[in-house]
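This report describes one protein chain from its computed geometry. The sections below take the overall fold, the surface and the charges in turn.

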Amino acid sequence: EATRFVLTPRQATLVYSKRLHPDYLENRPSPIWPVSAAAMHKNCSQRVENLSHAKESHPLYTPPREVETIVSERAKRAVCSARVRTLANPKPNRNDDDDDDNAWDWTSRKSKEIEASDRVCHLAQHKRSHSSYEPCRDVRWPVSRGA
């Protein structure tokens, strides 16, 4: 039984080549401009000549190798074991028997039924504002006649 690959919708969109921008002009003039004859025969300084030479790479540098993945015929014909098939399946949801609206709620029923102590309820109450606190003034407020 051969492995069957299924693409996600995102992967299916990535398969196609990238569309060009609508303002892109394909037949643009070349960025290379003509060089005058006088400039071609001009002698340059030693510094400019040194800069014109290609930079040598490090002596210990090795260029990246070509990717050559050779899959053997035996691997192509391989059949996965029952254990691999079970690992390929998604984990069963622990709350499949529940009909709760929130499938991601892993809280047990017992912990949902427990009531908090008086002390915890007291700590859960919000902190009261200071007695001299005045809330922010509205952006629009009535202007007095004296103004």
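## Fold and extent

The chain contains seven helices and zero strands, where helices (H or I, at least four residues) and strands (E, at least two) are DSSP runs numbered from the N terminus. In sequence order the pattern reads α-α-α-α-α-α-α. The radius of gyration, taken over C-alpha atoms, is 37 Å, well over the 15 Å that the globule rule gives for 147 residues, so the chain is more spread out than a compact globule; that rule is 2.2 Å times the number of residues to the power 0.38. Along its principal axes, the C-alpha trace spans about 95 × 85 × 40 Å.

This is a predicted model, in which local features need pLDDT of at least 70 and side-chain atom pairs count only at pLDDT 80 or more, while totals for chains, interfaces and linings use all residues. Residues are numbered from 1 along each chain as its sequence is written, and side-chain values use heavy atoms, with hydrogens and water left out.

## Surface

Of the 147 residues, 1% count as buried (buried is under 20% relative accessible area, exposed over 50%, partly exposed in between, with a 1.4 Å probe and protein chains only). The accessible surface, from the Shrake-Rupley method with a 1.4 Å probe, comes to about 17000 Å², of which 55% belongs to carbon and sulfur atoms.

L7, V15 and Y16 form a nonpolar surface patch with about 380 Å² of accessible area together; such a patch joins nonpolar side chains (Val, Leu, Ile, Met, Phe, Trp, Tyr) within 5 Å, each residue having over 30% relative accessible area and no salt bridge. V15 lies in the loop between α1 (9–14) and α2 (37–40), and counts as exposed at 56% relative accessibility.

## Charges

The structure holds one salt bridge, defined as a side-chain nitrogen of Lys or Arg within 4 Å of a carboxyl oxygen of Asp or Glu. The side chains of K76 and E73 form this contact at 3.5 Å, N to O, and both residues lie in helix α4 (residues 73–76), three residues apart, about one turn of the helix. K76 is exposed, with a relative accessible area of 54%, whereas E73 is partly exposed at 48%.

Note on methods
Patch = residues over 30% accessible without salt bridge, like charges linked within 9 Å, V, L, I, M, F, W, Y side chains within 5 Å.
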